[in-house]
Amino acid sequence: MRMKLFLFVLLALFMTAVVVAQEDTEIDSVVTVSPPAPVANLVGVDTPNDNGHSISLSWELSPDDATLGGTVTKYVIMRSESADGPFIVRDTVAAGMTKKADNGVKEIEAEDYFARNTDFYYKLVALAGDLKSESEVFGPVRGVGQWFNTGKWSVVAAVGLFTLVTLFFIRRAKSGAKLYIRPLAGIDAVDEAIGRATEMGKPILYVLGLGTASDIATIASFTILSRVAKKVAEYQTSILVPCYDPIVMTIAQETVKTSYYDAGRPDAYNEDDVFFVTNQQFAYVGAVNGLMIREKPATNFYLGKFYAESLIMAETGSASGAIQIAGTDEVTQIPFFVVACDYTLIGEELYAASAYLGREPVLLGTLKGQDYGKAMVIASILIGIGAALVGWTGYVDLFYVGP
Amino acid sequence: MKRTVPLLITGIVGTVLIVSVLIPPAQSLGEDFSLFFDIIAVFAFFLGGGNLFRIHLKKVFHRKEDYGFSIVTLVGFLVTLTIGLFKIGNPEGISGSITAAGSGLQTIFVSIITPLSSTMYALLAFYVASASYRAFRAKNREATILLVSAFVILLGRTPLGMMLTGWIPEQFSIFQIPNLAVWIMNSANLAGQRSILIGVGLGVVAMSLRLILGMDRTYLGSDK
């Protein structure tokens, strides 16, 4: 009996101890919830070299930022026209970011309108789940437009120098000076290629590529098409120009037509020779390849902007036995043309081709300028290597181009 | 007049676009001109469609060689145009989006155009093989260098490259084939690409100068 009483008391004491311990644990597990620390030193300045519709903000991270092991996952940028508010949300940035530009548009009716020359006040809200803390309000700050983008000085200087050199050689060419222009095999072969088509009594295929009329490579191709079409008209052969873009087609029709007129052969011009195919890349390839297989052109020109279709077309042309001249400024496609075509105009040679074919002094002057431009670039690179070796970083800064 | 007006437009627009890069308040002018281009492009699509229809109709009408292809083109063109214009099969009706899932136009695109385009694209693999065969024949010194470089890169991109040269000690690791392949791509190849790009940049400036100043008028026809 005593033993039972002893055990009962012992059990009661044990249970009491467990309950008390549980209560202590519960008291210990209560955590004081406090908002995260706000960001510090929020600063806003007028974004340089812009049209005045932007303010650049920077700040120091909240000590509770997630990238520092804390709980703040993002910051909300808020703006007001008064220090007392009301503030509106302008943007949200992820934890770890310490700067962001508040950009807007100039159209007053637009939702994202950003007034120039207006005082603004900013604050940043650090968010950690449902908890948040606000920074001190910064302001006033205003966006002011600049009249010149000082980040582009190096561009102005380089283009200005190149233009001066080019104009100098144009002047020299006009005054009758004989300028040496290095020969380009691809250009020299144009006459031969057209002659071959004439002898064989087969058409010439001229592909302007997948570029639009606003691509400089396509414009360069128009100028070559003009020369080629004129020779085609003189030799009384025919030319086929399948087009990828309707605007390109319209310009190409006008270019070929005028060339035929210039050659004194307006009667030989057939409007249907310059035609629209499709503006689906691989459907276009299928159509051009079909044309090569059916019409068996003696000469294929691929001049303009090309992408993945370059090799499919050039290989089909090669298999059909045509002499092929290609040219593009798309670096990744040049190797394909080099492999599959007889002659390839590499990069800038495409732009030079029209001047080579024309041989007018004015155009040859620009080619000479281009060559001297390359010499200047080579010299700059060599000086840059020297500057890097002696640790002269100021030289590199000369070439900095701002946004 | 026919030549003077286009030359004036080219000169003015070209100059304004250059200036807009340097003068921030004029930045939006570039966007405005792009908008003009888009508006013209919309009208040009009518020209393109009209031209396609006229040429193929003429071929069929005159029973020219291979006119069967033109019939297929015309049928495809008209069927797609009708389905697109009247939004046939569109689950949301005539007011729904033209690209809505399940619409007739979307079905044509997904079931016909996409597989056909993929088929054409897939042919590239065979063309690459035949072109590589021609390019990598060691006919002369340059072609031999090309062949060796290509061989190193091919091996370097496969586990075989590491298996063959993994034994080379760490201090000579540049001679391991995968590292050689990386060096060829990042140094030799990239340098070549950049030199071409610099040339392209200068060519673009020279070409733009010729066009803006009206020196090269060949795209308008006669130089006279």
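Analyst: The account below takes the salt bridges one by one.

This is a predicted model, in which local features need pLDDT of at least 70 and side-chain atom pairs count only at pLDDT 80 or more, while totals for chains, interfaces and linings use all residues. Side-chain values use heavy atoms, without hydrogens and water, residues are numbered from 1 along each chain as its sequence is written, and chains are lettered from A in the order in which they are written.

A salt bridge is a side-chain nitrogen of Lys or Arg within 4 Å of a carboxyl oxygen of Asp or Glu. Over all chains, the count by this rule is 17 salt bridges.

Asp112(A) pairs with Arg90(A), with 3.2 Å between the closest N and O atoms. This pair links distant parts of the chain, 22 residues apart: Asp112(A) is in the loop between strand S5 (99–103) and strand S6 (120–128) of chain A, and Arg90(A) is in strand S4 (residues 88–94). Helices (H or I, at least four residues) and strands (E, at least two) are DSSP runs, numbered from the N terminus. Asp112(A) is partly exposed at 36% relative accessibility, whereas Arg90(A) is buried at 17%; buried means under 20% relative accessible area, exposed over 50%, and partly exposed in between (1.4 Å probe, protein chains only). Both residues belong to a network of salt bridges that also includes Arg79(A) and Asp102(A).

A further salt bridge connects Asp272(A) with Lys58(B), the closest N and O atoms being 2.6 Å apart. Asp272(A) lies in the loop between helix H5 (246–262) and strand S11 (274–276) of chain A, and Lys58(B) in helix H2 (residues 27–61) of chain B, so the pair joins two chains. Asp272(A) is buried at 15%, and Lys58(B) is partly exposed at 31%.
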